[in-house]
Amino acid sequence: MKILITAALPYELNIIKSWIKSAWLKINLDIDYLCVGTWNYESIAVLEEYLTKNPHPTFIRNIGVCWYWNHEGKKLIEPIQAASIINIHSGKERIIPPYLKIAPLRNCFSSETVVFSKPNFEKEILTVNNEMYFDMESRWISFAAERHRMPYIILKVPFDFIGKETSMSIEKWKEWILSYLGNLQYRDYLEKIVVRIDQQGKSE
């Protein structure tokens, strides 16, 4: 059983890899790690190349931080799982197959550029608790995974509030990334994925 774990930036991926290696997994897993970049077109190119040249993994899991926004301006820290991805430029929505739930399900908005302010949509988009989550790579991770018929999960950690924290020093950015990604329950997530894969295998 092979699981591919992707992240946008090398610094994110190194933190994730370090925590997984220290998680004392009770199961024997073959894990590959892939840095896909932040730009959405780069993300699909990198993932497509990997899936074309390597034996297909059993499961793809994307982990990373994201921008967020809410009416109250409150700090959000709990990880969310993308239930759908909405292109903020076209309004088109891509539903993610509900293979497994490991975190609260939320819409994730995909942008082709860095988001410095809340976008104004032509029509109202329903969100849970008026919360909005944004990134640049999830839409194309989803596209590539589904094109290769690979089950996948996109897990995002709210990181910087749009318009308040979008610009920060590299030192502060690294400090926050280490803290936020370090709080994820890596062993629990991976063990749930393995159980789900085993259950599917037995039912086929």
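How many aromatic pairs does the count come to in this predicted model? The count comes to seven aromatic pairs, and the views below start with two of them.

**View 1. Phenylalanine 159 and tryptophan 176 form an edge-to-face pair.** The ring centres are 5.7 Å apart, with 85° between the planes. Phenylalanine 159 belongs to strand S8 (residues 152-161), and tryptophan 176 to helix H4 (residues 170-182). The pair links distant parts of the chain, its two members being 17 residues apart. Are these two residues buried or exposed? Both phenylalanine 159 and tryptophan 176 are buried.

**View 2. Phenylalanine 159 also pairs edge-to-face with tyrosine 180.** Here the centre-to-centre distance is 5.6 Å and the angle between the planes is 80°. Because phenylalanine 159 lies in strand S8 and tyrosine 180 in helix H4, this pair ties together parts that are 21 residues apart in sequence. Phenylalanine 159 and tyrosine 180 are both buried.

**View 3. Strand S8 pairs with strands S3 and S4.** How many of the ten residues of S8 are buried? Ten of the ten are, so the strand is largely enclosed by the rest of the structure. Strand S3 (residues 59-70) runs parallel to S8 and is joined to it by nine bridges. To find your way along this pairing, look for isoleucine 63, whose bridge partner in S8 is leucine 155. Strand S4 (residues 80-87) pairs with S8 in the antiparallel sense, over two bridges. There, isoleucine 80 stands opposite lysine 156 of S8. As a reminder while you look at the side chains, in a regular strand they alternate between the two faces of the sheet.

**View 4. Isoleucine 154 is a buried residue of strand S8.** Why does isoleucine 154 count as buried? Its relative accessibility is 0%, and the cut-off for buried is under 20%. Which residues does isoleucine 154 touch, leaving out those up to four places away in sequence? They are Asn62, Ile80, Gln81, Ala82, Ile85, Ile96, Ser138, Ile141 and Ser142. Alanine 103 is 51 residues from isoleucine 154 along the chain, and their C-alpha atoms are separated by 10.0 Å.

**View 5. Helix H3 (residues 138-147) includes several buried residues.** The buried residues here are Ser138, Trp140, Ile141, Ser142, Ala144 and Ala145. Just after H3, take a look at the backbone of arginine 149, where phi is positive at about 55°.

**View 6. Two charged ends sit over tyrosine rings.** How far is the charged end of lysine 174 from the centre of the ring of tyrosine 11? The charged end sits over that ring at 5.4 Å from its centre. In the second example, the charged end of arginine 196 sits over the ring of tyrosine 99, with 4.6 Å to the ring centre.

**View 7. Serine 111 sits in a loop between two strands.** The loop connects strand S6 (105-110) with strand S7 (131-135). Serine 111 is buried, with a relative accessible area of 1%. What does the side chain of serine 111 reach? The side chain reaches the backbone oxygen of threonine 113, at 2.6 Å.

Technical notes. Residues numbered from 1 in each chain as written. Predicted model: local features only at pLDDT ≥ 70, side-chain atom pairs only at ≥ 80, totals over all residues. Heavy atoms only, no water. Phe/Tyr/Trp six-rings, centres within 6.5 Å; stacked < 30°, edge-to-face > 60°. Helix = DSSP H or I, 4+ residues; strand = E, 2+ residues; numbered from the N terminus. Buried < 20%, exposed > 50% of the residue type's maximum accessible area, 1.4 Å probe, protein only. Lys NZ or Arg CZ within 6 Å of the ring centre and 35° of its normal. Pairing = 2+ DSSP bridges. Contact = heavy atoms within 4.5 Å. Polar contact = N/O pair within 3.5 Å; in protein donor to acceptor, adjacent residues only side chain to side chain.
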